[in-house]
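These are my notebook entries on what I looked up in the structure, set down in the order in which I went through it.

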Amino acid sequence: MAHPSQLGFQDAASPVMEELIHFHDHTLMIVFLISALVLYVITAMVSTKLTNKYILDSQEIEIVWTILPAIILIMIALPSLRILYLMDEINDPHLTIKAMGHQWYWSYEYTDYEDLGFDSYMIQTQDLTPGQFRLLETDHRMVVPMESPVRVLVSAEDVLHSWAVPALGVKMDAVPGRLNQTAFIISRPGIYYGQCSEICGANHSFMPIVVEAVPLEHFEAWSSSMLEEA
Amino acid sequence: MMAEDIQAKLKNYKTAPFDARFPNQNQTRNCFQNYLDFHRCTKVLTAKGADTTPCEWFRRVYKSLCPISWINKWNDQLEEGTFPGKI
């Protein structure tokens, strides 16, 4: 989950997010190097007593500072396109879950076998138990088997919402009347938090998403108990 | 031969598989098409007096993909005779 004064991404919980973090590290390093170079050149220009009034042009440097940026851009574009196509790979999900956005809560439907559906409301600050996270916890979590390809179909029942879980590298708009597909594999067990990412009214900031990844047997036990409860 | 294939496919059903007709992000039509296909399949096979087991596949797929509220709305529309699709 997010931490106070956090600067970087949350730790990756899916292979796609790992790739995105590596790409971001690579691109940010290029940005830092270029910025450091420019900052050096500016301070050098500003702090020298030398003046030279007679240089008009220079073919050599012009060629260098055209070719070099082109190469740098290619070095950014290649990994970027690689990840873009990787995210678009055809996957073969083991499980389909529907995430429906409402004002102001999410509901999850697991209907591959039985009709399991439940609402997921934020736990109000005054009802939190010690150790729980303010504005992030929900009464029911979206439980998912780990290391299993999962398809999530995101939609909305009223206005626009958006289903996002940063640790998984997932964000998908929830549009009424439309079924948007996203997929992920969660590499490790854990609890991953997200928040509604499209303005949807008064309580837009108070309809979080919690994904709980567990071993398959635990998932099966959880879904049986949820069906009994209903 | 065909009947055993359907039975095997239905027994091993995990979730709606990848459908090349709907390869992209927008799966709205995938859900609606399977809902239509289930009802068309049922209508045709019951008219012929044949076994409707093959239609089960479409039912499993639309149940996996379509939001429960959409299914309920369409079922109500079918009963009322206001369903917008051609069955």
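**Domains of chain A.** I looked up the domain assignment of chain A first, and it gives domain 1 (15-49 + 57-88) and domain 2 (95-229); such bounds come from an automatic or database domain assignment. Taken over C-alpha atoms, the centres of domain 1 and domain 2 of chain A are separated by 37 Å.

**What I have to keep in mind.** The model is predicted, so that local features need pLDDT of at least 70 and side-chain atom pairs count only at pLDDT 80 or more, while totals for chains, interfaces and linings use all residues. Residues are numbered from 1 along each chain as its sequence is written, chains are lettered from A and ligands numbered from 1 in the order in which they are written, and side-chain values use heavy atoms, with hydrogens and water left out.

**Chain A as a whole.** I noted three helices and ten strands in chain A, where helices (H or I, at least four residues) and strands (E, at least two) are DSSP runs numbered from the N terminus. Along the sequence, the order in chain A is α-α-β-β-β-β-β-β-β-β-β-β-α. The C-alpha atoms of chain A fill a box of roughly 85 × 40 × 35 Å along the principal axes. I also looked up the radius of gyration, which is 24 Å for chain A, whereas a compact globule of 230 residues would have one near 17 Å; the radius is taken over C-alpha atoms, and the globule rule is 2.2 Å times the number of residues to the power 0.38. Of the 230 residues in chain A, 36% are buried, and here buried means under 20% relative accessible area, exposed over 50%, and partly exposed in between (1.4 Å probe, protein chains only). Among the contacts in chain A with a separation of 6 or more, 64% join residues 24 or more positions apart, a contact being heavy atoms within 4.5 Å.

**The largest pocket.** Why does the largest pocket lie between domain 1 and domain 2 of chain A? I found that both domains give residues to its lining, and therefore it lies between them. For the term itself, I wrote down that on a 1 Å grid over the protein atoms alone, a cavity is a set of points where a 1.4 Å probe fits but cannot get out, whereas a pocket is an open set with protein on both sides within 12 Å along at least five of seven lines, and lining residues have an atom within 4 Å of a point. The space in the largest pocket is about 880 Å³, a volume being the space filled by probe spheres set on the grid points, which are joined across faces, edges and corners. The lining has 33 residues, and those nearest the centre of the pocket are Met87(A), Asp88(A), Glu89(A), Asn91(A) and Ala183(A). β8(A) gives the most to this lining, with four residues. By type, the lining holds 19 nonpolar, nine polar and five charged residues; Ala, Val, Leu, Ile, Met, Phe, Trp, Tyr, Cys and Pro count as nonpolar, Asp, Glu, Lys and Arg as charged, and the others, Gly among them, as polar.

Ile76(A) is in helix α2 of chain A, and beyond its neighbours within four places in sequence it is in contact with Phe23(A), His26(A), Thr27(A) and Ile30(A). His204(A) sits in the loop between β9 (190-194) and β10 (209-214) of chain A, and it counts as buried because its relative accessibility is 16%. Leaving aside neighbours within four places in sequence, the contacts of His204(A) include Trp104(A) and Cys196(A). I then turned to Trp104(A), which is in the loop between β1 (95-102) and β2 (105-110) of chain A and is joined to Gln103(A) by a cis peptide bond, with omega about 0 degrees.

Most residues other than glycine have a negative phi, and most peptide bonds are trans. Ser5(A), which is not a glycine, has a positive phi of about 55 degrees; Ser5(A) lies in the segment before α1 of chain A and counts as exposed at 73% relative accessibility. Glu147(A) has a positive phi of about 55 degrees as well, and its place is the loop between β4 (142-145) and β5 of chain A.
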